[in-house]
Amino acid sequence: TIKIIMDTDPGIDDAAALTMALNDPEIDLKLITTVAGNVTVDKTTKNAQKIVRFFNKDVPVAAGAKQPLIKEFEDAARIHGESGMPGYDFPEDLPTPLAKTAVEALRDEIMSSDEPITLVPTGSYTNIALLFSEYPEVKDHIERIVAMGGSLGMGNMTSAAEFNVFTDPDAAKIVYQSGIPIVMVGLDITMKALLTPDSLSQLEHMNETGKMLHDIIINDGDNSDDGIAMHDVNTIFYLLHPEAITTKDMWVDVITDGPAIGETVGDIRGAYHDGKTNASVCVDIDAQAFNKWFLEEVSKIK
Ligand code: BDR
Ligand code: CA
């Protein structure tokens, strides 16, 4: 099994990614940490707990950063709704979050693990940047970072920047310069692997998990006739089915100010950094395989 920690801001697609991570037998989800992003951290924490409670799992949740390192916080409630996860009546008797902060919980979990852990951030990378500054010793115990965020070709906030990196570009820069291998699961693939309208309607009547996902996904402000991007779910798909995704190793840097703030710049020809690389960038995906897998995963749950 693959030992992971998810650092997340649910968020509709985050909720779907958590659904897969909590239920797939190949994944051992040790800890969930939350960050401000799609909505405030109080809400993302509550939403993470709602998903954990929905599946009656006992994975701990620790609340993290309320705001980015430097930049002012701007949410994405226009896409994910005021609550961040609208459309379904989740149980209200939620487990209590851990008493410690996300950074402390990350440190404790990573340092006490008998094997290196994979970090899966699907929100902005504020908690992880803070972790690396406060406890640099954790870096030797991290297998790699499989992060949703960034893109080579386009943005979904500005024409240059993707939301998670745009939200906290300073944190993203620290993470990309950390020396830990990073898989950049960005818009280059997440905008290709849309969950089709047909897949979405199949979810509705599949089982209670399918209904829950359907009911929240139809509220996503980016839903269209072509389908809906399940950005964060691509991280879990990558972990389980790397053969369905094409990657290209390169050096990636992050723009932290000016009009291109939040842009991830890839040295696509390897020329500028003399062939040195810090990231494996996802550049293509089998969208049909993604849809098929998504439905299969949900069909195996309650
Ligand atoms: C990312 O932004 C958030 O709104 C989504 O949850 C995803 O993590 C996509 O750009
Ligand atoms: Ca997210």
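Predicted model: local features only at pLDDT ≥ 70, side-chain atom pairs only at ≥ 80, totals over all residues.
Local features need pLDDT of at least 70 and side-chain atom pairs count only at pLDDT 80 or more, while totals for chains, interfaces and linings use all residues. Residues are numbered from 1 along each chain as its sequence is written, with chains lettered from A and ligands numbered from 1 in the order in which they are written.

View 1. Eight strands line up as β3-β2-β1-β4-β5-β6-β12-β9, with mixed pairing (strands are DSSP E runs of at least two residues, helices H or I runs of at least four, numbered from the N terminus; a pair needs at least two DSSP bridges). β3 (61–63) and β9 (245–250) sit at the edges with a single partner strand each, so one side of each has no neighbour in the sheet. From one strand to the next, the twist averages 25°. Helix α1 packs on the sheet, touching β1 (2–8) and β2, and its direction makes about 160° with that of β1 (axes are lines fitted to C-alpha atoms, for helices over the stretch in contact; angles run from 0 to 180 degrees between N-to-C directions).

**View 2. Where β6 meets β12.** β6 (residues 182–185) and β12 (residues 279–285) run parallel, joined by three bridges. Isoleucine 182 has alanine 279 as its bridge partner in β12.

**View 3. Glutamate 26 in its loop.** Glutamate 26 lies between α1 (12–23) and β2 (27–34). It counts as exposed because it has 9 C-beta neighbours inside 10 Å (exposed means 12 or fewer other C-beta atoms within 10 Å, placed from the backbone). The C-alpha atom of leucine 240, 214 residues away along the chain, is 7.6 Å from that of glutamate 26.

How values were computed:
Buried ≥ 20, exposed ≤ 12 C-beta atoms within 10 Å, placed from the backbone. Contact = placed C-beta atoms within 7 Å.
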